[in-house]
Amino acid sequence: RTMGTTMPSRSLFIQTEKTPNPSSMKFLPGREVLPPLHGSGIFFQKGDREYQRSPLVSRLFKLEGINNCFLGPDFITIGKDATSDWLALKPEVFVLLMDAFGEEDFIVMNEGGEATVSDTTIYEDDDEIVAMIKELLETRIRPAVQEDGGDIFYVGFDIGTGVVKVQLAGSCSGCPSSSVTLKNGVENMLQHYIPEVTEVEEVDEDMAKAEREQLAFQQKIKQDKDQLLSFESAKTE
């Protein structure tokens, strides 16, 4: 990872860092980007309507050549297509970032104002292995991945096969070395501490979304069942 351009704007200094992915660049405005309310990071892709939640990302996606954007706690990783050149894109990105932070505009809107449940949130009914996987991802693996302008999200664990499913975002998405990161970094660490883990598998956005929706549905059923049991218990007292 190497330091790049620094662009001043009044009291704002935006630094850039190259990432292991030549199609991604990390921008550091020197201040908070994503409040803890929104979790550890949000990955937006140009084809998804979800990016409309962020006024900043909506403006960035109007620039020709930019196709994804990851908002981290204190950085923004922007991904470009293969035909575009950072030499031409960087000045345009700087202008949009300086305007957004200079005006203290909302970086991302959160409907309802409720805190986002993190992918590594440990629930009461989580299996001990799942809880350990989430803990390692949050405390040992995620910080290292974010240093390179990316992120890793827990998607699921198959207790029968021992396969951990994760989604890569930011500079890790589409990076030529991402498979090496998964095998030599993530998989090795999880297997070292959790023998039950046999493999770490990357899933795409669609599969990750389907897995999360299924998990949310199962948790909703459990909550409804617990509430019903609590109600029935109160009636018998």
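**Entry 1: Glutamate 138.** I looked up glutamate 138 in this predicted model and found a relative accessibility of 33%, so I wrote it down as partly exposed. The cut-off I applied is that buried means under 20% and exposed over 50%. Glutamate 138 forms a salt bridge with arginine 142, and their closest N and O atoms are 2.7 Å apart. Both residues sit in helix H3, 4 residues apart, which is about one turn of the helix.

**Entry 2: Arginine 142.** Is arginine 142 buried or exposed? I noted a relative accessible area of 2%, so arginine 142 is buried. Arginine 142 also forms a salt bridge with aspartate 151, again with closest N and O atoms 2.7 Å apart. Aspartate 151 has a relative accessible area of 0% and is therefore buried. Through shared partners, the salt bridges join Glu138, Arg142 and Asp151 into one network.

Entry 3: How many salt bridges does the count give? The count comes to 4. One of them links glutamate 17 and lysine 26, with the closest N and O atoms 3.9 Å apart. I looked up the burial of both partners. Glutamate 17 is buried at 9% relative accessible area, and lysine 26 is buried at 4%.

**Entry 4: Helix H3 from end to end.** I then followed helix H3, which covers residues 128-147 and has 20 residues. From its first C-alpha to its last, H3 reaches 28 Å, close to the 28 Å expected at 1.5 Å a residue. At the N-terminal end I found aspartate 127 as the cap, with a side-chain oxygen 2.7 Å from the backbone nitrogen of isoleucine 129. Where does H3 bend? The bend, about 45°, is at isoleucine 141, and proline 143 follows within four residues. Just after H3, I noted that glycine 149 has a positive phi of about 85°.

**Entry 5: What lies over H3.** I listed the buried residues of H3, among them Ile129, Val130, Ala131, Ile133, Leu136 and Leu137. The list also has residues such as Lys134, Arg142 and Gln146. Isoleucine 141, where H3 bends, is one of the buried residues too. Which elements cover these buried residues? I found that the cover includes strands E3 (24-28), E5 (66-71), E7 (150-158) and E8 (163-170), along with helix H4 (178-193).

Methods
Residues numbered from 1 in each chain as written. Predicted model: local features only at pLDDT ≥ 70, side-chain atom pairs only at ≥ 80, totals over all residues. Heavy atoms only, no water. Helix = DSSP H or I, 4+ residues; strand = E, 2+ residues; numbered from the N terminus. Expected span 1.5 Å × (residues − 1). Bend = angle between axes of the 7 residues up to and from the residue. Buried < 20%, exposed > 50% of the residue type's maximum accessible area, 1.4 Å probe, protein only. Contact = heavy atoms within 4.5 Å. Polar contact = N/O pair within 3.5 Å; in protein donor to acceptor, adjacent residues only side chain to side chain. Salt bridge = Lys/Arg side-chain N within 4 Å of Asp/Glu carboxyl O.
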